[in-house]
Amino acid sequence: MAAVKTLSEGVRLYAVQTDRFKTSSIAVTMALPMSTNLSANALLINVLKHSCKKYPDFVMLNSRLSELYGASVGASVIKSGEAQLLTLSTVCIDDRFALGEDEKISAECADLLCGMLFEPDLKNGKFNSDIVAEEKRLLLQRIDEEINDKRYYAGVRCEQILCRDEAYGKSRYGERAEVEAVTPDDIYDAWQNLLRSARIMITCVSSSDGKRVEKIFKKGFSKIDREPAEITTEYRKKAGAFRRVEEKYPVNQGKLVLGFRTGMSDIDDMHYPEILMIDLFGGNVYSKLFLNVREKLSLCYYCWAKLHIRKGVVFVDCGIDTENEKKATSEIVKQLQAIRDGDFTDEDMAASLMGMRERWLSMDEPMKLCLWYGAQVCDDTLVTPEEKVAKLEKVTKDEVCAAAKRLSLEAVYMLSAETQEGENNED
Amino acid sequence: MKIKEFRNELLGDSVFYAKHKSGLDIYVMPKSGYSTTYAIFATKYGSIDTHVKNEKGEFESIPEGTAHFLEHKLFEGEELDAFEQFAKTGASANAYTSFDRTAYLFSCSENFEESLGILLDFVQKPYFTQQTVEKEQGIIGQEIRMYQDLADWEVMFNLLRALYKEHPVRIDIAGTQQSIAEIDADLLYKLYHNFYNLNNMVLCVCGNADTEAVLKIADEKLEKANGSKIERKFVPESPVPEKTYIEESLSIAEKQFLLGYKEDLKQPEVTIEDEIASEVMLETLFGKTSPVYNDLLRQELIDMGFMTEFFSGFGYSVCMLGGTSRDPEETARILRETVDRAIETGLDPEAFERAKRKLYGRMIMEYNSIEDVSNLLMNLHFAGYKPFAEIEACRALTLERANKRLRKLKNEYSALSVINPLNKEQKDV
């Protein structure tokens, strides 16, 4: 394992030096509690990516990125447990592939990323209101367009319904009205708060040793009075009152999502049995859900179970004909019962273990490495893929059954297709 | 067997090629330091292949979506299906069908040789029964419905249907509920034996694998193929679109559009030099640094999702531009005007150089991914090019060639596809 360095309180750097890739990548993952201003944070990360002090103009910035052989900068916002993770990243080709002499592409990209975070484009200590307005329009549009992908949208709805009175039920971007209300001053406050209180993981995968990245980020954080925030996530062991919500849309295919509580009381509670159990249940093409709901009953094209282990919830989703909701639900529940009853073979366990090994050990992409460690931004000790695999291999059949027995269904969301007669185009 | 090495000094990589005695073309690109390997085994048979030669040598039409149906069904085996076999090696397997090919693939970090054996085996051992065919009709039916609700998918197929009157690029890859209902086990066997012949196929491997090991498995699993390469028939079609405007309503938040320029093809396929010239031309004119992109953004007519694509294959070629817009027709008008003006003035040389550098860098980046490399080797092979041809073509690209490609864009050959939002009737709880 490469060395992990602490650059400042709550700021760690994980640098992998390797020349097996053609690129140099850096990702800065910053975690904040869901209780902060989610909308201001989400806008902030996009404003930081838009331009910076050195390149105050979007066209200038992107022209430079093109000249740097199509280097890119990215910004993303996700939820991980009850933390909002904001990531700024950059990818460029390694210097050895430059066509000119002595071009320092990766150093320039590292400086650029660092500049975006510490030296944004401020005028009289304020963020540019035109840029904030533009990014606001784009973010609002992104929120509105979540409905376009019905599978994604149905997943979000089920999450909202299951966690209706928990922080996890909120959107990663905050509510639409909250985004609309954000001012340039709020962005400034969010920026200050981010630098001061986010828990931060910088991952760097490059042919160089990461010294430059260490130096520039260390320098950036040296001016900041760090007070890393406490980030905790509420786990509810038992399902609350059952809820089913149905919404009708003019679509061809219905989307069914089932939301379960795992029964975990914290992230360490039967962590590995949960992972293996959900994989056996619906994680892959050898799993119960694929083999039965899809292959045997031909009810759907996809049917997967997804574990959000940092919250202790599970979602099963499938795309079906609306009238098959009951059939699909009862088959999903039946397959869960099969796992509870131990109705699976040693070969099934072995297949699942191998499938998970494959998923975790395939680290031949720089961004996969960055994501692996970025996801652990809030954890005290970092776990390598090999360590995780070793722990998973110790899970027994009894533990899998026990984990399955704790699973309880709390929410069902059905996005159903309007019938032909009910279809209308009026506004 | 002769093994040929293709070396690219710039990348510092080599691709090894062998024509296997069975007739199969094999490419291997070892990646030092990698722990995973990706393999793809593909046949030149896709959704545009809608005809098959019968015993009398006449062309007979086949139902739409059969290549895709066959892809699903090949996973079935007499004893164990392919997924069950891969579950024993830990490999992660999949397959896909596109306009002009069907590909079967896996990636793994352990048991590579065993998994490669499974891949070569199951694709060569068709097993269909009427019962399993019927079962698949339900699954694929749901796959078709899923795509019918996706606006990005629909906006593109509608555009192709507007641009092309005859060419089968206008049909859906998975076919329709009706067309797949016509498929039975006998038909699948017939098509299998026609299109799945090693002379019509390619195997590409990239990652932690060496050429000798791949060839050893090939020797064990492949027998000399009967039959020859399938030739596609090129039927030139008028460049004038069937329709210049097409629209559909779906349950989405904001309008989406795709503007397409159809090319007047004299040859069935666009050369790789021209393909790259078109990509750079589109980036020069419409990329994030272009004046029109920024004007449209300021006027709130597009968002960051605005994209361009050069889309081509056997008998079809389209430059596509699109995204989300509150006013697709006004946006399309501005885009068309930009094309007309650029044809008069030529591309800005500095912007062209920047776009070319960007594309070059993105090509280098692709070589990180064993999946991308394997697919790239397959694409180059099917198009008749050697490994690394795309990098060479990019480096040699001139402004003159890009301008020549620009002048191919003609408004009378263009069409606009729009998806309008359809309001939902919500029953909130």
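Two strands count as paired here if DSSP finds at least two bridges between them. I start there because strand pairing carries much of this talk, and strands of a sheet pair through backbone hydrogen bonds, either parallel or antiparallel. What you see above is a predicted model.

Take strand 10 of chain A. With strand 12 of chain A it pairs in the antiparallel sense, over eight bridges. Two positions to look up: Gly259(A) has Phe315(A) as its bridge partner in strand 12, and Leu256(A) stands opposite Cys318(A) in that strand. Strand 10 of chain A also pairs with strand 13, residues 408–417, again antiparallel, over seven bridges. There, Arg261(A) stands opposite Ser408(A).

Those strands belong to an open sheet of five, in the order 9-13-10-12-11 of chain A, with mixed pairing. Which strands are at the edges? Strand 9 and strand 11, the latter covering 303–308, each pair on one side only. On average, neighbouring strands of the sheet are turned by 15° against each other, ignoring direction.

Next, the helices on this sheet. Helix 9 of chain A, residues 271–282, packs on the sheet and touches strand 11 and strand 12. The direction of helix 9 makes about 170° with that of strand 11 of chain A. Helix 5 of chain A lies across strands 9, 10, 12 and 13 of chain A, and runs at about 140° to strand 13.

The contact between them takes 29 residues from domain 1 and 27 residues from domain 2. On the domain 1 side, strand 2, strand 3, strand 5, helix 5 and strand 8 of chain A each supply at least two residues. Helix 5 has the largest share, with eight residues. By type, the domain 1 side divides into 16 nonpolar, nine polar and four charged residues.

Now the contact between the chains. Chain A gives 55 residues and chain B gives 58 residues. Elements of chain A supplying at least two residues each include helix 2, helix 4 and strand 12. The largest share on the chain A side, six residues, comes from helix 12. The residues of that side divide into 22 nonpolar, 16 polar and 17 charged.

The largest nonpolar core has 258 residues. Those touching the most other members are Leu43(A), Leu44(A), Leu113(A), Ile187(A), Ala39(B), Phe41(B) and Leu119(B). Beyond its neighbours within four places in sequence, Leu44(A) is in contact with Ile187(A), Ala190(A), Trp191(A) and Leu194(A).

Last, one residue in chain B. Phe306(B) is in the loop between helix 10 and strand 12 of chain B. Is Phe306(B) buried or exposed? It has 21 other C-beta atoms within 10 Å, and the cut-off for buried is 20 or more, so Phe306(B) is buried. Not counting residues up to four places away in sequence, Phe306(B) touches Tyr293(B) and Gly323(B).

Notes: Residues numbered from 1 in each chain as written. Chains lettered and ligands numbered in written order. Predicted model: local features only at pLDDT ≥ 70, side-chain atom pairs only at ≥ 80, totals over all residues. Contact = placed C-beta atoms within 7 Å. Helix = DSSP H or I, 4+ residues; strand = E, 2+ residues; numbered from the N terminus. Nonpolar A, V, L, I, M, F, W, Y, C, P; charged D, E, K, R; others polar. Core = buried A, V, L, I, M, F, W, Y, C linked by C-beta atoms within 7 Å. Buried ≥ 20, exposed ≤ 12 C-beta atoms within 10 Å, placed from the backbone. Axes fitted to C-alpha atoms, helices over the stretch in contact; angles between N-to-C directions.
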